[in-house]
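Please open the structure in your viewer and keep the selection tool at hand.

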Amino acid sequence: MKENKVERNHFFTVIYNIINSYFRIFIPMLMLFIFKAEIRVSEHIIKIFIVSIIFLIFSALTNILKWKKTIYYIYEGKIYSKKGIFFIKEKEIQISNIYSVDLEQKFINRMLNIAKIKIDTGNSSENEAEIELFLKLHEAKSIKNKLTGKVCNEELNKKENLKENYYKLDKKSLILYGLTKVKFGIGFVVILTVYNFIDDYLSFILKDELLKINDIVNSSTIRNYSFDTLIKGILLFLILYLIIIILFSVIKSFIKLYDYSISRSDSNINIKYGLFDVKNYSFDVEKISGVFITQTFIQQILNLKTIEVEVVGYGNEKNEVKVLYPLVNENKMNEILSNILYDYYKVNKVNKVQNSTKFRFIRVRFIVGLIIQIILFFVFYKFNLVIYSSVGLLIILYMCLDGYFEYRNSGYYLNDKLIVLQYGGFKKRRAMVLLNKVESAMLNQSVFQKNKKLNDLGIVIQGNSFGKEIKTKNLNEKDGLIIFNKLFSN
Amino acid sequence: MDLKFKNIDKKAILLWRINGLILTLILGVISLLIYKIFSVFWGNIGFGIMGITGILCVIIHPFFEYKQWKYGIFEDKIEILHGIYFNKHIIVPISKIQYLNISQGPIQKKLNLSSVQIFTAGNEVEIEAISYVESKKIVNLINDVINNNEVAENERE
């Protein structure tokens, strides 16, 4: 590609946008209109057809114009882009300022060999990529290589570093990852969606069955069933519920993270994953503002971990993850850290918070739980006091356990390069941040903590969400102060 | 190096009292609406919250908040101390500052006050309620420090 040639998106984007706007905008509006005005479709089919054609022509014209007006080129170490019909947006980005370059292929793009390339700078104020282009795959790859300043021959690099710097997740681990990431709340969403779907579309077919279910659900008829059947019913429901959420979680992670691989060449980290929508990210190690080792509750029991990274532009969109490696045990984690992220060497021991703070962690949660209870009481006391009090007890128990686990997990570690803060109850997190990546720090002390000589230590790093604080609670006042003063002493 | 924490402008107390009063009035209007339209019970609770907010935000808080608020601009960092129930101590190294903002609301303008917002790549820190002249001074000072640091760095290279 010549350096100064003006380039455009692939023409397929025009067709894609036309079809997309037809189905996403025109059809729903038409449906709404038909329902509101109670028109019979069969009588007005020609009119609908004509309106459709007009919409398509209009949409084609605007999209072609848009395509024509969207240009980009690379020159003198900068990438220039311009887009917009009425409001023109021009952007010029220094290549050295680029934080991450991502390639993404949706299923349909893969068949046409087209890729979306996303270019991000360190700006976290906008929630989307700075520049987005649709190009032929090989063009996108060559631009990516140009922007990340890497030698073109990816294959060669891979072979050279195959043993040390290349990791691939096998299918077994992927399924295990899905199992450990089960979210218990998601089942309700799935069931509700399925129920609504049945209610809306299949109700006339399944009318009798639904009535039966309604009978069972109706509390006045519950008394007619024996205690045994009731318990059996609840157990059956719980088992079904578990199966649904486990299946959902496994399938979701399988589709999302299929064929997960990570490699490092020079200072670039390359990540690739996806079954239908293949995503390919690369970013400079220098741009990582923090590494997180996260553990869900199940992972804590099985002693498995997920490595995540905070890089502006990585994992900032819907359906994207911040994962660096989905599932590792202790040894694998140390291996990956020492081969791929050698600045973040392993930390064997973190300093735990004092024993005496145990009840402080629990007490705070207990009070929060109690407040939720009091609010819920006013809403529910008319309906059913038994359900209210049992749910209430469960919530308070959950909160207290969360507090206890947070006490067990909280800790910190500091050396001359790195600060490590550990926090979180059911969801444990260990944040590892290089000292020169800390943007600002804060030390908080509540009135109650003052008596016990404790404080909370928080640091802020650059990330996809602005103003997010990493915080370990209830440190010893002295330790907190020592770390706080050391943070910016060099 | 000027190793001293400074207090903010004394007019801050007045500013916070006015803000508290506005908040109380808004709560009052909302409570009245709830009282009239939805339920007497929740309306009364609303009035209760309004009363507590009024006492705290208009009468008690501003005075203590003023006593707690301190800021210091040092050679390599900015430090801020504030908070009544939660004492907050914030450090922002000057090398991490991306840009500065001076902002002034309508009430602040009347009282000749302004606040300085300090932006890093990760978050925003605010020095509240200082006189406009003072905030200009702060911005210039920080700019000088940043420039000096840059010059020093270039020389080193």
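**Where the two chains pair**

Select strand 19 (residues 438–446) of chain A together with strand 4 of chain B: the two pair in the antiparallel sense over six bridges. Strands are DSSP runs of E with at least two residues, helices are runs of H or I with at least four, and both are numbered from the N terminus; two strands pair if DSSP finds at least two bridges between them. Within strand 4 of chain B, F86(B) is the bridge partner of S446(A).

This is a predicted model, in which local features need pLDDT of at least 70, side-chain atom pairs count only at pLDDT 80 or more, and totals for chains, interfaces and linings use all residues. Residues are numbered from 1 along each chain as its sequence is written, while chains are lettered from A and ligands numbered from 1 in the order in which they are written.

Next, display the whole contact, to which chain B and chain A bring 17 residues each. Residues are in contact if their C-beta atoms, placed from the backbone, lie within 7 Å. On the side of chain B that touches chain A, strand 4 (86–93) and strand 7 (124–131) each give two or more residues, and strand 4 of chain B gives the most, with eight.

**Inside chain B**

Now select helix 1 (residues 12–37) and helix 2 (residues 40–68) of chain B, whose axes come within 8 Å and cross at roughly 180 degrees. Helix 1 of chain B is therefore roughly antiparallel to helix 2 of chain B, a term for angles over 145 degrees.

Key. Axes fitted to C-alpha atoms, helices over the stretch in contact; angles between N-to-C directions. Parallel < 35°, antiparallel > 145°, perpendicular 65-115°, else oblique. Contact = placed C-beta atoms within 7 Å.
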